[in-house]
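Please look over the structure shown here before reading on. The report below takes up a few of its parts in turn.

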Amino acid sequence: MARVPVAVVPGALLSALLWAAATAAGAGPGGSPTPGAFDRLYRGAVNISAERVYAFAYSREPGQVAAVRVSVNSSSESLQYPVLFVVRQQKGVLSWQVPLIFRGLYQRSYNYQEVSRTLCPSEPAPETGPSDQIIFVDVASMAPFNIAYELLVTRLENFQLKTSKAFNFTASPSQPQYFLYKFPQDVDSVIIKVVSDAVYPCSVVSVQDIVCPVYDLDHNVEFDGVYQSMTKQAAITVQRKDFPGEQFFVVFVIKPEDYACGGSVPSSIHESVYVQAMFFSFLSFLSFYLGSMVVACVHYIRVQRKASSGRLRREDGSEIMTTSHPITASTPEGSSYGAIDESSSSGGRQLSSPELKPPAGYDTDSSVEEESDFDTMPEIESDKNVIRTKVFLYLSDLSRKDRRIVSKKYNIYFWNIITIAVFYALPVIQLVITYQTVVNVTGNQDICYYNFLCAHPLGVLSAFNNILSNVGHMLLGFLFLLIVLRRNILHRRAMELKDIYTLDYGIPKHFGLFYAMGIALMMEGVLSACYHVCPNYSNFQFDTSFMYMIAGLCMLKLYQTRHPDINASAYSAYASFAVVICLAVLGVVFGKNDMWLWVIFSLIHVLASLALSTQIYYMGRFKIDGPDSDLGLFRRAAMVLYTDCIQQCSRPMYMDRMVLLIVGNLVNWSFAIFGLVYRPRDFASYILGIFICNLLLYLAFYIIMKIRSSEKLLPIPLFCIVATAVVWAAALYFFFQNLSSWEETPAESREKNRPCILLGFFDDHDVWHFLSAAALFFSFLVLLTLDDDLDTVRRDKIPVF
């Protein structure tokens, strides 16, 4: 074969070769490929019946790596009839279309009219003489009309990078670049440094072996070799030992979107439905703020009217002198108990005045007594072991400790839950972001169990609607904190102005548990949103962990109302919650088929129910001890069982408590038996059901006993009770509309998917989020206001149950 220069030179042998190759390629009889010249711009037009074939020939010296770059352009923006370019080489075929389409997030498309590609260089030939290379470029289109194009083929003179020598070039998403680097003899390791003048666009630098094809497009650059994303600079260390041929390609690819490098995520809001959904979500719950302000204003007006009369009347007929301060004279929150603050006063009177000595039953135990079983009070009737074993207990019997000590004890609930929330939420957020990133990068939508028929993406999030619908928990949780803060402030002001005798009236005011409940409600919204970033079986406990805490805190608050001195400490309560969450995680991981886990859990469940029942029945004064170590322990246990269960079986000492505990144990044992027999796969929801049933049982018992004791239900708590029941019923209806299930395969889960039902944006589960947030808020208000009717009742007349 004759030597061929860079440009195509007509000759008999070369023309015959081009004709044979073009005929085999489908140029058709009677035609021949157009001999092409490098660095020359070719313009033409193609349609369904007219195709063009160009042939480019060049000579390569021995040991030389020759690179050729093909640049094309078409003015047509028709995606239906693109111009197709096919480049055929000795050992490969490269093809693309114009407009060239790249896909971004949410299948967003980017079209490019200009495309430049570097052809994969053939390996250096060992021949002693030069070799000839031929490239065919086919241009075609299925359009019924002419489409113009431009073609330019050039040889790259500066294709090989040099050590310690800078090289400037430009690139774009449709015009990637790559270059060759050969290790010098005395170099074993090099650092490839890349610097860009601008922070964006986002780029990818890849190091690949000299193998065809070269992956130089956004969708395939990560398939081979090592790579780094880049904004302004990148550096990759390459070792000679990693490349047997002692050479490699350095590939530069520009991404069509900058989000992979930390740039702004292109907005996916193309419809007003997103804006409408956001307005609906926030305005719906901001209306609760407006309603709370109206109630506060009405309450303030009533306070003003009562204050203008100058007197308030207690239930026993005695009068309370009021001051000109409208908030102080008003409020049910004004009642308190325990020692008055040292800085407090009432009408200028001092605590040291003889007529203002504490009542006979007033107890100012120190913090030592808080944790001790010993009292320093000499009177036998004041001993707490004696008082708490009376058949009929009143609130004054269980509210004897110093108010400041007890309040600090309950404030620990608030501070501890903040610490727990921070340490729990941060790794959860990191994990779900990783899940979402994996989904976006791999495109594998079997990882997350969405309702795909109503999944509205926003930014990097695949189902923004499921996240937005949790805003109610956060807004209403914050509103509840504001309501509790207002009550707390009014209570403190009232204590500073009222005489000490008012401290014997009403339920003791401790707000630490209420603050903890508000934080728990907000965190439930945060963690539920995190779970719905990528819902699956491995992170479902994120959605339920604070539900356990909410149910537990509500039960503790309900018990604290009439047992303020003997309620559980924050440390033991949160430790118990931690045990429950650990069991939930074990159940999610091992509870599907492992019988041993269900046996252990059921045993723990039954024993915990019995132990808690014993503590509740004996008001925390049950002790199993004896003089003879282990023998005495069993003797004491047998004596307790015989005395309280056999001798008094017909009439227990504490009948009301006994009825509650019997029913409660039957419910919990039924749950344990159900778990052993059926072993539900959704272990986390199974535990949540146990908590909710116990809370509802205790709340129902409390309300029944309250009515039985001839206590009143004021309009506000009565409204909250009705609203709680109605909203919970509606919420549970939507909760049981299963739209997906990580208990099944992704394909089976998608069979349950349903379209949106609200604003064309929210599905049934989103409505569950809205309603459950409102239901929890009303439930909290029930606990906050349930005993407001007792603020003018003496504590020695308020029964304990």
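## Tyr178 and its surroundings

Leaving aside residues up to four places away in sequence, Tyr178 touches Thr118, Leu119, Cys120, Pro121, Phe159, Val214, Asp216, Phe249, Val250 and Val251, where contact means heavy atoms within 4.5 Å. Tyr178 is buried, with a relative accessible area of 1%; buried stands for under 20% relative accessible area, exposed for over 50%, and partly exposed for values in between, with a 1.4 Å probe and protein chains only. Ser206 is 28 residues from Tyr178 in sequence, and the two are 9.0 Å apart in space, C-alpha to C-alpha.

This is a predicted model, in which local features need pLDDT of at least 70 and side-chain atom pairs count only at pLDDT 80 or more, while totals for chains, interfaces and linings use all residues. Residues are numbered from 1 along each chain as its sequence is written, and side-chain values use heavy atoms, with hydrogens and water left out.

## The sheet around strand E12

Tyr178 lies in strand E12; helices (H or I, at least four residues) and strands (E, at least two) are DSSP runs, numbered from the N terminus. Four strands form an open sheet in the order E12-E17-E14-E15, with antiparallel pairing, and two strands count as paired if DSSP finds at least two bridges between them. The edge strands, each pairing on one side only, are E12 (177–182) and E15 (226–230). From one strand to the next the twist averages 20 degrees, taken between axes that are lines fitted to C-alpha atoms (for helices over the stretch in contact), with angles from 0 to 180 degrees between N-to-C directions.

Strand E12 and strand E17 (residues 247–254) run antiparallel and are joined by six bridges. Within E17, Val251 is the bridge partner of Tyr178, and Val251 is also among the residues that Tyr178 touches.

Gln436 is found in helix H6 (residues 403–442). Gln436 is buried, with a relative accessible area of 3%, and, not counting residues up to four places away in sequence, it touches Tyr450, Val460, Leu461, Ser462 and Val533.

Helix H11 (570–590) and helix H12 (595–617) each supply at least two residues of a nonpolar patch. H11 gives the most, with four residues, and Val589 lies in this helix. The patch on the surface is formed by Val585, Leu586, Val589, Phe590, Trp596, Ile600 and Ile604, which together have about 590 Å² of accessible area.

Key. Patch = residues over 30% accessible without salt bridge, like charges linked within 9 Å, V, L, I, M, F, W, Y side chains within 5 Å. Areas by Shrake-Rupley, 256 points an atom, 1.4 Å probe, with all protein chains shown as cover. Salt bridge = Lys/Arg side-chain N within 4 Å of Asp/Glu carboxyl O.
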